[in-house]
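Here are my notes on this one, written to be read with the model open beside you. Have a look first, then go through the points in order.

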Amino acid sequence: MKYIGEHLLPGQLGHFFILLALVSSLVAMIAFFKATNAADPADERSWKKLGRISFGLNAISILTVFGLLVYILASHKFEYYYAWNHSSRDMNPEYLLAALWEGQEGSFLLWSFWYVVIGLYFIFKRTKWEAPVMTVLALAQICLATMVLGIYFGDTMIGSNPFLLVREKFADAPVFSRPDYLSLPQMQDGQGLNQLLQNYWMVIHPPVLFLGFAATLIPFAYAIAGLWKKDFAGWTRESLPYSLFSAGILGLGIMMGAAWAYESLTFGGYWAWDPVENASLVPWLILVAGLHTQVIFNATGHSLRATYLFYLLGFIMIVFSTFLTRSGVLGDSSVHSFTDLGMNTQLLLFLLIFTIPSLALFGLRFKSIPHIAKEEETSSREFWMFIGSLVLFLSAAVITWQNSFNPIYNKITGQNTAAPEDIEFSYNKIQIFVAIVIAILTSIAQYLKYKKTAGGWVKKIAIPTLIAALICVVYFLVSGLDYDKKGIGFQIALYLAFVASVYSLVANASFIWIGLNGKLKAAGGSITHVGFALSLVGILISASNRSVLSFNTTGINLKWDERSKEKPLENLTLIKGVPTDMGKYMATFVNADSTNKNGNISYYRIDMMRKDSLENFSLYPNLIRNTKGMEGFSNNPDSRHYWNRDIFSYITYAADMDNRDDTAQFKKYTVNVKDTVYYSNGFFTLNSVVPNPNNKKYQFLPTDTALMADITVFSKEGTRYTAQPVFYVKGNEARFMVDTVFAQNIAIAFSRVLENQKIELQVKESNRMVPFVALKVYEFPHINLLWLGIIIMTVGFGVSMVYRSKQGRLKAVNKI
């Protein structure tokens with residue numbers, strides 16, 4: 001059958017270049033493998049040339065596939081499942097790239113793209129380690145190419161093809177028996193980008209994170225090359241700048257994800273120990289441990305075996321995290337893992353291909369790796385650096401166990417073992433002590449000398465110690481850490497962590513001048529430690545002293561879904577136009593009239609005015625309509641940023657968020673004075689009928705005739721409210737006024753006067769009588785210390801990378 005309106009050429013080209021990418025990477029791997037093992041220099045050059053040409057073809061293929069997929073998304077070719085499932089016509093153009101890597105196939109291509117960049121760089125550099133390193137890199141490209149292959153061998157699918165057509169994805173659907181299926185209404189638009197990914201951080205965070213994933217292969221490949229060529233120490237100086245780059249860029253990518261979570265999610269923070277977050281953190285911890293042991297070896301000859309192990313495990317854990325997040329294992333335990341595409345076996349093979357040979361080679365060569373039998377002096381810098389590396393590795397091991405055991409156990413056994421009730425605390429109670437130890441070690445270790453330290457270091461560190469102590473005492477007297485939810489033991493640990501972090505910050509900053517005489521170019525390690533310590537201080541203060549501002553003072557308690565984690569007393573209900581008490585602020589819901597140009601995001605303007613009148617500002621939290629066929633909306637927070645705090649807000653409920661009409665009807669009741677009428681959340685009593693009322697609420701002319709029903713409303717919570725509906729005659733016409741008790745969502749009308757001193761009341765229950773929102777507001781004190789610390793830490797990695805690179809070039813020149 002010939003289908004009308006399909007554009008098949010982009011898909012056909014995409015299929016071809018995916019196959020070419022697979023074949024060219026296979027040829028490149030074989031060629032570089034041969035070059036590595038070649039005894040004759042002429043054979044080595046010949047094989048290298050073939051490897052470079054083949055990898056060049058791989059680069060062209062990956063870039064072409066990447067470009068074709070961007071074209072399909074940008075031109076709304078909804079006959080392709082990837083475009084139909086991940087984009088829509090009303091999607092903002094700036095989110096085009098976010099749509100590209102929303103799916104597994106696009107993220108695999110992004111990963112492969114960075115290997116192209118890294119591979120071309122190493123080919124250009126043409127170092128002695130080019131062939132073995134490129135062999136490993138080409139093997140990774142083969143594995144990634146199979147992930148987007150989309151070919152069946154019998155009933156087994158190899159990869160998921162991003163150029164699959166919708167009619168191929170849903171081949172059994174009757175609608176695709178029509179040649180003009182593209183003219184049907186459901187094919188005129190796509191399912192759209194996930195609403196939570198429609199954020200600028202998701203345009204820049206995934207590329208940086210996947211560059212970090214890709215870069216971890218570099219130290220892994222160098223380690224494999226050293227074991228393979230039996231040149232166990234020759235690679236360590238050349239690879240150090242690349243290892244620093246890997247750790248720096250991976251850490252930056254992880255914390256960009258934390259910034260996205262802070263701005264887009266509503267759990268009120270930036271890190272929730274989510275399994276996907278943990279899966280990226282673990283390789284970083286191991287990589288940083290390897291960095292320190294590599295520096296130890298370059299300086300003293302110790303810890304080379306540990307360096308090999310850490311660098312091998314660093315990339316292995318990247319692949320393991322890929323298996324966890326893409327196999328569907330974490331589907332029930334993570335809010336942002338990928339769905340299962342049926343590639344579990346393939347992902348497991350990807351893991352085994354890199355795990356078994358590398359660890360087997362390490363075990364085979366273990367005894368041959370140079371090792372100094374004499375133990376390090378306890379007064380030496382390398383001893384405590386190794387202890388710190390070991391602590392980081394153990395931290396990664398504990399996180400891996402906590403992160404992986406339940407999901408994998410449940411997957412294997414089919415059971416549903418519950419995670420800890422307080423997941424965050426199950427991690428925090430262990431990792432807080434890791435933070436204490438690492439902060440103390442980074443404070444002291446740099447003041448020690450390699451191999452052995454004389455007693456003079458104590459004098460050098462004395463002044464930073466006194467300064468840090470003074471800062472802590474002043475802070476504890478002025479503010480302190482206001483966190484006592486988990487008992488006195490954990491509270492003491494928090495205070496110890498704060499002291500250790502401040503000590504690390506001051507000691508490392510001081511070392512730049514005391515130990516390095518102000519030479520910033522050589523101070524990359526100290527700068528990195530300053531950033532790390534400042535981040536810890538920011539985490540401890542913002543998390544411990546985080547406070548809820550939106551305590552409900554109105555008495556309007558909304559009914560939350562039982563699955564919701566929202567606490568009614570921490571959500572302030574704001575009625576449109578009514579200033580409402582919010583601690584040191586008065587908050588007013590002004591309107592929800594503002595939308596984006598596509599109409600899928602509604603902005604709620606909340607005016608905040610300090611009671612001392614020193615400041616007024618507006619917050620604009622929004623609700624974004626869910627995509628992919630899901631009903632309802634998702635919350636998007638808004639923040640007011642200060643140098644010393646953030647005011648963080650989001651809408652937890654809005655009267656119009658489901659866009660339904662108010663279908664509630666008035667019910668009629670015949671009552672006498674002292675009678676009681678029940679409603680869903682309580683009852684009310686008619687106290688009396690007052691003729692011709694004259695108060696602030698009602699003003700009648702002398703010619704009017706009016707009766708007011710004085711009613712007391714009793715809620716189930718025990719709260720009392722007054723309602724005073726009025727029936728009156730004006731100009732010989734009977735009229736009535738409805739009085740609404742917004743706190744109870746009921747409106748009461750005095751509609752008629754009946755015989756025997758009875759009256760008719762009409763009652764309506766509805767949560768749509770007036771525009772309102774429920775608002776959650778946090779204050780995060782000194783959270784900017786966290787973000788500033790991350791920036792400083794990344795800069796420190798960069799300074800170290802440049803300095804070590806120059807050192808390597810100088811040593812190479814000296815050898816010549």
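1. Some ground rules. This is a predicted model, where local features need pLDDT of at least 70 and side-chain atom pairs count only at pLDDT 80 or more, while totals for chains, interfaces and linings use all residues. Numbering runs from 1 along each chain as its sequence is written, and side-chain values use heavy atoms, with hydrogens and water left out.

2. The overall picture. The chain has 19 helices and 22 strands (DSSP runs numbered from the N terminus: H or I of at least four residues for helices, E of at least two for strands). Its C-alpha trace spans about 115 × 85 × 45 Å along the principal axes. Of the contacts between residues at least 6 apart in sequence, 69% join residues at least 24 apart, a contact being heavy atoms within 4.5 Å.

3. Surface and burial. Of the 816 residues in the chain, 53% are buried. The cut-offs on relative accessible area are under 20% for buried, over 50% for exposed, and partly exposed in between (1.4 Å probe, protein chains only). The accessible surface comes to about 37500 Å², and carbon and sulfur atoms account for 61% of that. Areas come from the Shrake-Rupley method with a 1.4 Å probe, and for residues only the protein chains shown count as cover.

4. Worth a click: L63, in helix α2 (residues 41-74). L63 counts as partly exposed because its relative accessible area is 43%.

5. A nonpolar patch sits on the surface, made up of L348, L349, L352, I353 and I356, with about 410 Å² of accessible area together. Patch members need over 30% relative accessible area and no salt bridge; nonpolar side chains (Val, Leu, Ile, Met, Phe, Trp, Tyr) are joined within 5 Å, and like charges within 9 Å. One of the members, L348, belongs to helix α13 (residues 344-365). With a relative accessible area of 36%, L348 is partly exposed.

6. Salt bridges next, meaning a side-chain nitrogen of Lys or Arg within 4 Å of a carboxyl oxygen of Asp or Glu. The count by this rule is 15. Among them is D581 with K611, whose closest N and O atoms are 2.5 Å apart. This pair links distant parts of the chain, 30 residues apart: D581 in strand β5 (residues 580-582) and K611 in the loop between β7 (601-610) and β8 (616-619). Both ends are partly exposed, D581 at 32% and K611 at 44%.

7. How many residues apart are E779 and K584? The answer is 195, with E779 in strand β22 (residues 772-781) and K584 in the loop between β5 and β6 (585-595). Their side chains meet in a salt bridge at 3.5 Å, N to O. E779 is buried at 13% relative accessibility, whereas K584 is partly exposed at 39%. K584, R645 and E779 are linked in a network of salt bridges.

8. Another pair to look at is R640 and E615, a salt bridge with the closest N and O atoms 3.6 Å apart. R640 is in strand β11 (residues 638-641) and E615 in the loop between β7 and β8, 25 residues apart. R640 is partly exposed at 31%, but E615 is buried at 15%.

9. Last, the backbone. Most residues other than glycine have a negative phi. R126, in the loop between α5 (104-125) and α6 (130-147), has a positive phi near 55° and is exposed at 53%. N745 also has a positive phi, about 55°, without being a glycine. N745 lies in the loop between β19 (733-741) and β20 (746-753) and is partly exposed at 23%.
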